[in-house]
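Work through the exercises below with the model open beside you. Try each task before you read its solution.

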Amino acid sequence: MSASSAVSFLMSYNCTACLWLMSGILPPLQDRIFFVTGATDGIGEFTAELLAKEKCTVLVHGRSPEKVDRVVKSLQRYCPKIFGFVADLSNLRDVQRLGEEVARKFPAIHGLLNNAGTFAGDYSGRRKVTEDGNEYSLAVNVLAPFLLTSILLQKVRASGAGRVIVTSSMSAMRCSADAFGRSAMRARMVRLSCLRA
Ligand SMILES: NC(=O)c1ccc[n+]([C@@H]2O[C@H](COP(=O)([O-])OP(=O)(O)OC[C@H]3O[C@@H](n4cnc5c(N)ncnc54)[C@H](OP(=O)(O)O)[C@@H]3O)[C@@H](O)[C@H]2O)c1
């Protein structure tokens, strides 16, 4: 899709979305907007594909422009309303930019899927500190989804019945207090988001 046709599509799309918002009725799946982080691999890519097959609008996020481009092109076989976003979630400024860009371009988010996650950093036993001075896995698994959710919460609420989903793990249920692994961190992120909402 060229830049100009994308703009005209979005303009007409926004009108449809606004009509649904004003009606107060939850739109059919093909008129809903889903934002999937970490959609360039694994569970995120699989979920984005399922949503594209349902003709939903899917915002595909990844950290590699090439991978995002590949997934967007591949999902456009099922639905034209697929849009790519690139951001490194270990960098809070990038997360802020991503959230603001999505908020500017879309009137509502029916599903925010905080799926991107990493095993790098402390969890793997190799300490890695981000540019912002945060431990790497804490930044990607907890701080990024919390900031993104905070920025987009109004858009999720605007959808009328939006959902924020965080992929975590059953292992969070039995994680000991000192094993500050990514599952436990994601569980904490869910609790933080509930408080924020
Ligand atoms: N697979 C499981 O069995 C399992 C079990 C329990 C929970 N989970 C949770 O489910 C989620 C997805 O797991 P998965 O197995 O599908 O993982 P995956 O295949 O490794 O995919 C992770 C996704 O997150 C992206 N990502 C990683 N670090 C990033 C960063 N710094 N900035 C932006 N994006 C980043 C990856 O981008 P790239 O493509 O560029 O690497 C990829 O798109 C994770 O949060 C994980 O904790 C998974």
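**Exercise 1. Find the largest nonpolar core and say which elements build it.**

Start with the core itself. The largest nonpolar core holds 40 residues. A nonpolar core here is a set of buried Ala, Val, Leu, Ile, Met, Phe, Trp, Tyr and Cys residues joined through C-beta atoms within 7 Å. Buried means 20 or more other C-beta atoms within 10 Å of a residue's own; exposed means 12 or fewer; partly exposed lies in between; C-beta atoms are placed from the backbone. Phe34, Val36, Ala48, Val58, Leu59 and Val60 have the most contacts inside this core.

Next, assign the elements. Two or more core residues come from each of strand 1, helix 2, strand 2, helix 3 (65-75), strand 3, helix 4, strand 4 (111-114) and helix 5. Helix 5 is the top contributor, with 9 residues.

Valine 58 is in contact with Phe34, Val36, Ala48, Leu51, Ala52, Leu75 and Ile82, leaving aside neighbours within four places in sequence. Contact means that the C-beta atoms, placed from the backbone, lie within 7 Å.

A note on the source: this is a predicted model, in which local features need pLDDT of at least 70, side-chain atom pairs count only at pLDDT 80 or more, and totals for chains, interfaces and linings use all residues. Residues are numbered from 1 along each chain as its sequence is written.

**Exercise 2. Describe the chain: its elements, their order and its burial.**

Count first. The chain has 6 helices and 5 strands. These are DSSP runs numbered from the N terminus: helices are H or I with at least four residues, strands are E with at least two. Then read the order from the N terminus: α-β-α-β-α-β-α-β-α-β-α.

Now the totals. Of the 197 residues, 40% are buried. Among contacts with a separation of 6 or more, 64% join residues 24 or more positions apart.

**Exercise 3. Which residues of helix 2 are buried, and what do they pack against?**

Check the length. Helix 2 has 12 residues and reaches 17 Å from its first C-alpha to its last, close to the expected 16 Å. The expected span is 1.5 Å times one less than the number of residues.

List the buried residues: Gly44, Glu45, Thr47, Ala48, Leu51 and Ala52. They fall within an arc of 165° seen down the axis, so they line one face of helix 2. The arc is that of the directions from the helix axis to the C-beta atoms. Their packing partners are strand 1, strand 2, helix 3, strand 3 and strand 4.

Look just past the helix end. Lysine 55 takes a positive phi of about 70° there. Most residues other than glycine have a negative phi. Lysine 55 lies in the loop between helix 2 and strand 2. Lysine 55 is partly exposed, with 16 other C-beta atoms within 10 Å.

**Exercise 4. Is valine 71 buried or exposed, and what does it contact?**

Valine 71 is found in helix 3. With 26 C-beta neighbours inside 10 Å, valine 71 counts as buried. Beyond neighbours within four places in sequence, its contacts are Ala39, Thr40, Glu45, Ala48, Val60 and Gly62. Alanine 39 is 32 residues away in sequence, yet the C-alpha atoms are 7.9 Å apart.

Compare proline 65, which also lies in helix 3. Proline 65 has 10 C-beta neighbours inside 10 Å and counts as exposed.

**Exercise 5. How do the residues around the ligand divide by type, and which come nearest?**

Of the 21 residues around the ligand, Gly38, Gly42, Ala116, Gly117 and Ser169 come nearest. A residue is near if its C-beta atom, placed from the backbone, lies within 6 Å of the molecule. The shell divides into 4 nonpolar, 12 polar and 5 charged residues. Ala, Val, Leu, Ile, Met, Phe, Trp, Tyr, Cys and Pro count as nonpolar, Asp, Glu, Lys and Arg as charged, and the others, Gly among them, as polar. Helix 2 (residues 42-53) gives the largest share of the shell, 3 residues.

Note on methods: Two residues are in contact if their C-beta atoms, placed from the backbone, lie within 7 Å.
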